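Work through the exercises below with the model open beside the text. Each task is followed by a solution in steps.

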Amino acid sequence: MTERELAHTIPATATSDGAGVRLRRSIGTARGIDVDPFLMLDEFSSDDPDDYIAGFPNHPHRGFETVTYMLDGHMLHQDHMGNRGDLGPGGVQWMTAGRGIIHSEMPQQQNGRMRGFQLWINLPAAEKMKPAAYRDIPAADIPEIRPSGGGTVRLIAGQLSIDDERYSGAINTAGGMSTDPLYADIVLAPGQAFSAPVSASHRAIIYLYEGAARIGNPSEAVGNERQMLQPHSAGVLGNGDRISIRAGQNGCRALLLAGKAIGEPVVQYGPFVMNSRAEIEQAIRDYQSGRLTAEPSLRQSS
């Protein structure tokens with residue numbers, strides 16, 4: 001197997017979204033700063049309610065999927081389909097906007113820590129106008145794997161082979177999603193290493209949100225500066241069919257993201273992601289006229 005090395009990094013930058021929620025954005029920081037099929041990755045983390053209390057009031061989406069993963073705090077999701085879910089620590093909300101959805105994400109706490117991530121995954125042209133769908137995945141339904149080499153892996157979506165065992169995530173994407181996304185949360189103690197095969201056909205990212213880590217050959221000690229990933233950075237990996245990460249002296253926590261590239265034009269205007277300017281203009285007209293959510297939508301369970 002060929003180890004993937006760190007090709008380049010996308011440092012997260014401070015920004016705000018919604019009604020003023022403060023966050024860090026890496027993928028999607030600016031036009032062209034994406035990694036097909038991933039459009040955006042936001043990390044939000046604060047103990048100050050002024051940074052999150054205003055939340056994300058009603059807003060539309062079309063043409064892609066959003067995945068919200070909570071580490072701490074509570075966020076209430078509501079949408080035009082009647083879905084309502086209280087997203088708690090360790091839980092995931094997977095929303096397929098498809099042809100159109102209007103939803104809100106509002107904090108359900110007045111103080112304390114609010115921490116988590118939102119990932120945007122593109123849809124191919126053939127699927128951008130499919131009915132909207134929603135999945136609410138409680139923390140207890142997400143497999144937690146303890147590799148023989150130490151550490152913990154929470155497998156949100158996709159499949160991973162660890163210690164010669166094949167594991168499926170809370171969302172088994174095999175055969176059911178064009179981008180076949182892999183989403184895992186990896187926690188390693190100081191000096192521990194994690195390694196697993198990942199399809200050579202997938203683009204891959206490691207987002208480090210705590211500690212420091214070395215990417216690549218797990219037999220090498222942390223210290224190769226070129227392959228070191230610093231916290232709050234998305235490490236875009238090169239070609240290969242295996243991903244390895246070794247924690248630094250303070251351990252690390254990281255998200256592993258991988259997916260099949262779509263290879264189509266991307267035209268984005270705020271909450272709409274389509275393939276052409278004409279399609280964006282149509283999305284705006286549909287939203288303004290109330291037609292964005294006119295077609296039947298689907299409810300889905302995990």
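**Exercise 1.** Determine which residues alanine 254 touches, leaving out residues up to four places away in sequence.

Solution. Step 1: take contact as heavy atoms within 4.5 Å. Step 2: list the partners of alanine 254, which are Ala184, Asp185, Ile186, Ile206, Tyr207, Leu208, Tyr209 and Ile245. Step 5: for a distance check, alanine 254 and glutamine 159 are 95 residues apart in sequence and 17 Å apart in space, C-alpha to C-alpha.

The model is predicted: local features need pLDDT of at least 70, side-chain atom pairs count only at pLDDT 80 or more, and totals for chains, interfaces and linings use all residues. Residues are numbered from 1 along each chain as its sequence is written, and side-chain values use heavy atoms, with hydrogens and water left out.

**Exercise 2.** Describe the largest nonpolar core and the contacts of tyrosine 69.

Solution. Step 1: define a nonpolar core as a set of buried Ala, Val, Leu, Ile, Met, Phe, Trp, Tyr and Cys residues joined through side-chain atoms within 4.5 Å. Step 2: the largest such core has 29 residues, and those touching the most other members are Tyr69, Phe117, Leu119, Tyr183 and Tyr207. Step 3: strands that each supply at least two residues of this core include β6 (64–72), β11 (114–122), β19 (202–215) and β22 (242–260). Step 4: a second, separate core has 27 residues, among them Ala184, Phe194, Ile206 and Leu237. Step 5: beyond four places in sequence, tyrosine 69 touches Gly90, Gly91, Val92, Gly116, Phe117, Arg154, Ile156, Tyr183, Asp185 and Leu255.

**Exercise 3.** How are the rings of tyrosine 69 and phenylalanine 117 arranged?

Solution. Step 1: rings of Phe, Tyr and Trp (its six-membered ring) pair if their centres lie within 6.5 Å; planes under 30 degrees apart count as stacked, over 60 as edge-to-face and the rest as tilted. Step 2: the structure holds six aromatic pairs. Step 3: tyrosine 69 and phenylalanine 117 are 6.3 Å apart centre to centre with 25 degrees between the planes, a stacked pair. Step 4: this pair links distant parts of the chain, with tyrosine 69 in β6 and phenylalanine 117 in β11, 48 residues apart. Step 5: Tyr69, Phe117, Tyr183, Tyr207 and Tyr209 form one aromatic cluster. Step 6: tyrosine 69 is buried, with a relative accessible area of 1%, and phenylalanine 117 counts as buried at 1% relative accessibility.

**Exercise 4.** What is the volume of the largest pocket, and which residues lie nearest its centre?

Solution. Step 1: on a 1 Å grid over the protein atoms alone, a pocket is an open set of points with protein on both sides within 12 Å along at least five of seven lines, and lining residues have an atom within 4 Å of a point. Step 2: grid points are joined across faces, edges and corners, and a volume is the space filled by probe spheres set on the points. Step 3: the volume of the largest pocket is about 700 Å³. Step 4: of its 33 lining residues, Arg25, Met40, Trp120, Gln268 and Gly270 lie nearest the centre. Step 5: β4 gives the most to this lining, with four residues.

Technical notes: Buried < 20%, exposed > 50% of the residue type's maximum accessible area, 1.4 Å probe, protein only. 1 Å grid on protein atoms, 1.4 Å probe; cavity = no way out; pocket = protein on both sides within 12 Å on 5 of 7 lines; lining within 4 Å.
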